[in-house]
Amino acid sequence: MKKRIVYLDILRIIACLGVIANHTNIILKRADIAIASVSRAELTGGILYMVLCKMAVTLFLMISGVLLLRKIDSYKKIFQRILRIGVVLLVFSFGYYMVGDYAHTAADFLKTVTKTNVTTAFWYLYLYLGILVMLPVLQRMVRNFRKADYWYFFFFALGICSFSFITDYNAHFSLPVFATSVGIVLLGYYLDNFVDLEKYDFKFFMAAGLAAFILIVGFLYAYTKRGVMNGSDTAYRLIVYDNVFYVALSILVFLMVKYTVSKCLAKKESSAKIISFAGSCTFGIYLFSDYIISLLMPAFEKWADTSDMYMLLIVILLDVAVFVAGFLVTALLKQLPVVKRFL
């Protein structure tokens with residue numbers, strides 16, 4: 001059994017909860033329909049919660065960079081990785097297709113699954129498949145990168161290309177090598193291998209990181225709230241995983257979690273085992289999350305309609321319930337050797 005990396009499992013749990021939260025924000029769904037249907041306090045909580053959760057995909061890509069770029073895999077190994085995700089995508093997409101509002105024919109399923117994601121969350125599996133296809137090139141590329149090469153790549157992939165108004169200005173000016181998703185994958189590998197946290201005082205580093213985190217969250221919150229209140233179409237344009245602001249937030253979370261684990265959990269084996277097991281279930285939780293949300297959301301929306309409880313608390317309880325239900329289902333299925341290979 002491979003030894004698990006505890007700080008990565010904590011990041012997986014944070015990211016998994018973020019993915020769930022991105023699909024359950026009752027407050028913002030109601031605000032999009034009618035802004036007057038939610039109070040100012042509820043809207044504030046809903047926007048802040050969304051801002052905090054939008055780094056989920058960024059964290060998942062950074063984790064992939066740490067794990068996938070550590071060595072050069074054989075083409076057979078890479079094909080096995082692609083096959084595993086391909087099988088998972090087809091099997092789970094078929095399940096969602098059968099319970100969804102579709103024609104329920106083989107031809108329609110194949111057309112649907114090849115052209116779009118059958119359920120909301122599965123767009124990431126297509127992105128991840130693309131990363132796996134490029135993996136042989138990326139693994140060999142990082143072996144020859146110097147620090148200056150990383151910074152050059154990050155400047156364009158995470159800086160310039162994260163602003164669509166720059167890359168869309170002229171259709172003939174294209175930077176396909178500097179895909180932002182690829183830059184985030186490389187960033188995870190870079191942070192894990194080239195940033196020596198021991199050089200920094202722990203308390204100072206955490207205080208500085210938290211201060212920077214609050215500043216960025218505050219800016220994103222203020223920008224988004226202003227747009228939502230004014231009914232602007234640009235209200236959410238910064239709330240995308242590959243925007244430079246979310247990359248910055250993810251860097252802070254990544255480093256602070258890694259440093260905290262090295263200082264506080266290094267010798268606590270029992271805690272590490274619990275965290276690692278929960279982390280090992282996050283892929284399954286993600287796969288089942290949309291279905292579980294569809295089962296639980298109506299009851300929680302009804303609760304929000306009839307309760308005086310602050311709506312954000314209801315949303316958070318829904319997210320925790322989805323996570324726990326997904327965890328229980330995944331933990332049970334992972335007892336089956338054949339299924340465990342895919343979850």
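I call a residue buried under 20% relative accessible area, exposed over 50% and partly exposed in between, using a 1.4 Å probe and protein chains only. This is a predicted model, so I number residues from 1 along each chain as its sequence is written, and local features need pLDDT of at least 70. Side-chain atom pairs count only at pLDDT 80 or more, totals for chains, interfaces and linings use all residues, and side-chain values use heavy atoms, with hydrogens and water left out.

**Entry 1: two single residues**

I looked up S289 first. S289 sits in helix α14, residues 282–306. I take helices as DSSP runs of H or I with at least four residues, and strands as E runs of at least two, numbered from the N terminus. Is S289 buried or exposed? S289 is buried, because its relative accessible area is 1%. I then listed its contacts, meaning heavy atoms within 4.5 Å. With neighbours within four places in sequence set aside, S289 touches I20, Y96 and V322.

Next came V99, in helix α5, residues 75–99. V99 counts as exposed, because its relative accessibility is 56%. I also checked V99 against L11, 88 residues away along the chain. Their C-alpha atoms are 31 Å apart.

**Entry 2: cysteines**

How many disulfides does the structure hold? I found 0, taking a disulfide as a pair of cysteine sulfur atoms within 2.5 Å. I checked C16: the closest cysteine sulfur is in C281, 9.8 Å away, so the two are too far for a bond. C16 is buried at 1% relative accessibility. For C53, the closest cysteine sulfur is that of C16, at 11 Å, which is also too far for a bond. C53 is buried at 9%.

Two packed helices are described by the angle between their axes and the distance between the axes. My axes are lines fitted to C-alpha atoms, for helices over the stretch in contact, and angles run from 0 to 180 degrees between N-to-C directions.

Helix α1 (residues 6–22) packs on helix α12 (residues 244–264) at about 135°, with the axes 9 Å apart. The pair is therefore oblique. My classes are roughly parallel under 35 degrees, roughly antiparallel over 145, roughly perpendicular from 65 to 115, and oblique for the rest. The crossing is right-handed: right-handed means the near helix is turned clockwise from the far one by less than a right angle, left-handed anticlockwise. Which residues of α1 make the contact? They are V6, Y7, L8, I10, L11 and I14, facing V253, F254, V257, K258 and V261 of α12. I count 10 nonpolar, no polar and 1 charged. Here Ala, Val, Leu, Ile, Met, Phe, Trp, Tyr, Cys and Pro are nonpolar, Asp, Glu, Lys and Arg charged, and the others, Gly among them, polar.

The axes of α1 and helix α3 (residues 40–53) come within 9 Å and cross at roughly 135°. That makes α1 oblique to α3. This crossing is left-handed. G18, A21 and N22 of α1 meet Y49, M50 and C53 of α3. The contact has 4 nonpolar, 2 polar and no charged residues.

**Entry 3: α4 with α10**

The axes of helix α4 (residues 56–68) and helix α10 (residues 180–194) come within 7 Å, crossing at roughly 60°. These helices are therefore oblique too. α4 passes α10 in a right-handed crossing. From α4 I noted T58, L61, M62, G65 and V66. The α10 side includes I184, V185 and D192. The contact has 8 nonpolar, 4 polar and 1 charged residues.
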